[in-house]
Amino acid sequence: MADIQGTYDDLFTAVPNALAATLDAGDAGGSVAVFVDGEPVVDVWGGFADADRTVPWERDTIVNVWSVTKTMTALCALVLADRGELDPDAPVSRYWPEFAAAGKEKVLVRHLLSHTAGLPDWDGPVEELYDWPAATARLAARAARWEPGTAAGYHSLTQGFLVGEVVRRITGRSVGEFLAEEVTGPLGADFHIGLAADHDRRVAPSIPPTGQAEDYAASAPAGPSGSEAGNGVRVRDGNSLAWRRAQIPAASGFGNARSVALVQSLPACGGEVNGVRLLSRAGCDRAWEEQFAGDDRVLGMPMRWGLGYGLFGTTYGWGGWGGSLVMIEPESRMAVAYVTQQMREPAEDTRGLEIVAAAYEGLQGLR
């Protein structure tokens, strides 16, 4: 069995075993954390940070978690809503007047958070993702694909710019700055949107699935006719310095399982972790108020969307391209995070779900 580092409660032995199984099956590396009541009951890692398997995965290794980043951006919006600075039911144009162009006056902030705004496609070049003013201006000028709120279509890249620009208009700060100053800083969480150069040495670059090269690209399984919702982002783009430095709040967050689970313990624990309260109980409950239930036009599958999170039974959370995942269980005050740089083909990837299932085994022992 692969060598696993870190600490875990004996009740949760199934979790490090599940991580070891991914490494034994050929993965390069990864980390897993399970927090209950805001405290780590599992904080483990193993394998290697590089494709050549020469650099060990360390306690402070971080990776691009891709769309798990959306849960961090959503949390920023929820904090502002809890403070009364952001109204989810307000038109986006209240905060961002230029957004009303092309008939989008009726798009509400909650539509942005729940993938129902009708703007799922990124039709610009990848390089423009690194230019915040250009990216947000492009989205402001576009017409919605459908009447806002009537349908959902996963906004894989666009959601971060849309929500992020609202955050910026309200606070005068970028999402990355707001997250660092108002969320991760107070919690002491090692998560970053817009990665500074001094963290580069800790990054484990994304590794494409077996048989694929760095030109392996994200794709949407069932986009609407003419949709660009797959966006053409390649592994090599995510591994570039430009990607790390940019703030792409739907997809360019860097962290490890410990930092993801710590931050997302906020909604799991009613808004307070380790004596730091950033949300009220009502503010947390907003996250899993159902905004849409039905077939997602981009994902091509039934989905339930809350405010910034996917809803799954009594849990909510989201996963990222390549396998990283976070799951929040408010009833048990538990957050489970798995991050890896080792991608697998989406249809073949059950690693995150297996780790969540292992966490539930431990939870049974605590009850």
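A contact here means heavy atoms within 4.5 Å. With that in hand, consider the protein chain: among its contacts between residues at least 6 apart in sequence, 67% join residues at least 24 apart. This is a predicted model, in which local features need pLDDT of at least 70 and side-chain atom pairs count only at pLDDT 80 or more, while totals for chains, interfaces and linings use all residues. Residues are numbered from 1 along each chain as its sequence is written, and side-chain values use heavy atoms, with hydrogens and water left out.

Let us start with the overall shape. The C-alpha trace of the protein chain spans about 60 × 45 × 40 Å along its principal axes. Of the 367 residues, 59% are buried, where buried means under 20% relative accessible area, exposed means over 50%, and partly exposed lies in between (1.4 Å probe, protein chains only).

Now for the secondary structure. The protein chain has 11 helices and 14 strands; these are DSSP runs numbered from the N terminus, with helices (H or I) of at least four residues and strands (E) of at least two. Strands of a sheet pair through backbone hydrogen bonds, either parallel or antiparallel. Two strands count as paired if DSSP finds at least two bridges between them.

E4 is joined by 2 bridges to E6 (residues 253–255), and Asn 64 has Phe 254 in E6 as its bridge partner.

A hairpin comes next. Strand E9 (residues 292–296) pairs with strand E10 (residues 301–305) over 5 bridges in the antiparallel sense, and Asp 295 has Pro 302 in E10 as its bridge partner. Between E9 and E10 lie 4 residues, and Gly 300 in the turn has a positive phi of about 70 degrees.

Which residue has a positive phi although it is not a glycine? Asp 37 does, at about 55 degrees, in the loop between strand E2 (29–36) and strand E3 (39–47). Asp 37 is partly exposed, with a relative accessible area of 45%. Arg 333, also not a glycine, has a positive phi of about 55 degrees. Arg 333 sits in the loop between strand E13 (325–329) and strand E14 (334–339) and is partly exposed, at a relative accessible area of 30%.
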